[in-house]
Amino acid sequence: MPRPQRSEQFDSAEVCIVHVVQRCVRRAFLAGVDSETGADYSFRKEWIRRRMEALASVFAIDVLSYAVMSNHMHQILRNRPDICRTWSDEEVAIRWLKVFPGRRMDDHLAEPTDNDVKMLVNNQERLAEIRGRLSDISWFMRALAEPIARMANKQDKCTGRFWEGRFKAQRIVDEAGLLACSMYVDLNPVRAAMASTPSDCIHTSAYDRMEARKGHRIESAAFELQPNSAEEAGREIRETSVDQLAAKQRRKKRNPTGRRIPRDGWLSPLTLAEDQLSNSPLANSEGIRSSDRGFLNLAWSEYRRLLEWTANQKGGSTSYDVPKPLSRVLTRIGLEPSMWRELVWNWQRYFGKTGRIGRPDSLRNDAERSGRHHHRGQSAAATCFT
């Protein structure tokens with residue numbers, strides 16, 4: 001069966017929530033310990049996390065959950081064309097040029113100047129195309145994958161692919177599917193026996209949220225959304241040595257804005273606020289993420305209790321009792337408590353080969369909306385939902 005086109009899975013002009021999986025070439029441990037050489041590339045996980053954080057500050061895309069593993073990564077992304085429409089032409093131009101400046105200075109991408117911004121703003125046809133790309137998950141993934149591949153190849157002194165190919169995408173069509181998928185993503189290191197508890201799962205969204213509540217702050221990787229003056233940029237190039245410019249670029253790349261933020265500050269908030277209108281964009285004003293909108297109708301304390309309880313069920317016992325408070329949470333969202341452990345720990349059995357994630361009735365409605373009879377896997381997951 002041919003792979004579905006991206007236009008069939010999500011639309012940059014429509015708010016969509018998508019589970020994304022990107023694997024390393026041949027599923028090699030290019031971000032972990034190489035079994036052949038013993039070389040440890042685990043530090044590349046932080047490369048990937050920081051790049052995600054940086055892109056979250058310029059794209060109209062919310063990062064809801066993520067997990068960076070040794071040979072692949074998971075993300076749950078929500079594109080926000082409604083946020084993108086609130087940006088001025090100048091904002092769109094500077095955000096795009098921060099990621100794709102189109103010019104290089106020695107080994108580094110050149111910082112955009114005010115002249116670059118003006119030129120792009122004056123090209124309205126090009127600007128309209130770029131505005132669409134800033135809410136496109138495919139362009140977000142391209143901007144994430146390419147620099148990581150270049151950095152790894154430069155470090156390894158080789159050429160060729162780092163990532164296996166185009167990323168796998170699964171659209172999430174309801175909250176029940178979103179909660180289950182988010183739990184699956186956050187528990188990936190526990191499932192892979194890389195950690196015993198969620199609090200040990202470094203480079204996951206759950207770990208970031210836990211650390212933030214302990215007061216842990218990090219140097220922000222967010223782009224500084226201000227162009228350089230063309231005159232100052234020219235004078236700096238004329239009067240500063242190449243080595244000094246490179247050193248300055250490295251310092252700025254580490255913390256472009258000079259700010260420290262909560263460890264989860266760049267992620268979308270987990271809880272949907274009851275007093276927020278559903279059609280309000282809720283654009284973030286601090287420049288560290290796209291919006292301040294949550295994505296689940298449960299508090300972080302409920303999510304954490306459910307996460308930790310589910311992690312403790314990894315033994316595979318078929319008989320277990322879901323605590324009543326957690327059972328009420330699952331039932332309220334539309335999940336079958338007695339099948340919760342089965343769904344999360346055997347995720348691939350139910351949604352490993354599907355293009356949609358959600359309750360059977362939601363999948364059926366989505367299929368009708370898209371002109372299909374049904375979605376693959378629609379009946380397999382029926383027992384896991386109420």
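User: Which residue in β6 is the bridge partner of V18?
Analyst: This is a predicted model: local features need pLDDT of at least 70, side-chain atom pairs count only at pLDDT 80 or more, and totals for chains, interfaces and linings use all residues. Residues are numbered from 1 along each chain as its sequence is written, and side-chain values use heavy atoms, leaving out hydrogens and water. Strands β1 (residues 17–23) and β6 (residues 168–172) pair in the antiparallel sense over five bridges, where pairing needs at least two DSSP bridges between two strands and helices (H or I, at least four residues) and strands (E, at least two) are DSSP runs numbered from the N terminus. In β6, the partner of V18 is R171.

User: Which are the edge strands of the open sheet?
Analyst: The sheet has five strands in the order β2-β3-β1-β6-β9, with mixed pairing. An edge strand here pairs on one side only. The edge strands are β2 (61–68) and β9 (356–357).

User: Within what arc do the buried residues of α6 fall?
Analyst: Helix α6 (residues 124–133) has the buried residues L127, I130, R131 and R133; buried means under 20% relative accessible area, exposed over 50% and partly exposed in between, with a 1.4 Å probe and protein chains only. They line one face of the helix, because seen down its axis (by directions from the axis to the C-beta atoms) they fall within an arc of 155°.

User: Which residues are exposed on the other side of α6?
Analyst: The buried residues of α6 are covered by elements including α4 and α7, through contacts (heavy atoms within 4.5 Å). On the other side, the exposed residues are E125 and A128.

User: Is the pair of F100 and W139 stacked or edge-to-face?
Analyst: Eleven aromatic pairs are found in the whole structure. Rings of Phe, Tyr and Trp (its six-membered ring) pair if their centres lie within 6.5 Å; planes under 30 degrees apart count as stacked, over 60 as edge-to-face and the rest as tilted. The centres of F100 and W139 are 5.7 Å apart and the planes stand at 90°, so the pair is edge-to-face.

User: How many residues apart in sequence are the parts tied together by Y184 and W347?
Analyst: These rings have centres 5.1 Å apart and planes at 15°, so they are stacked. Both residues are buried. Y184 lies in helix α8 (residues 175–186) and W347 in helix α16 (residues 347–351), so the separation of the parts in sequence is 163 residues.
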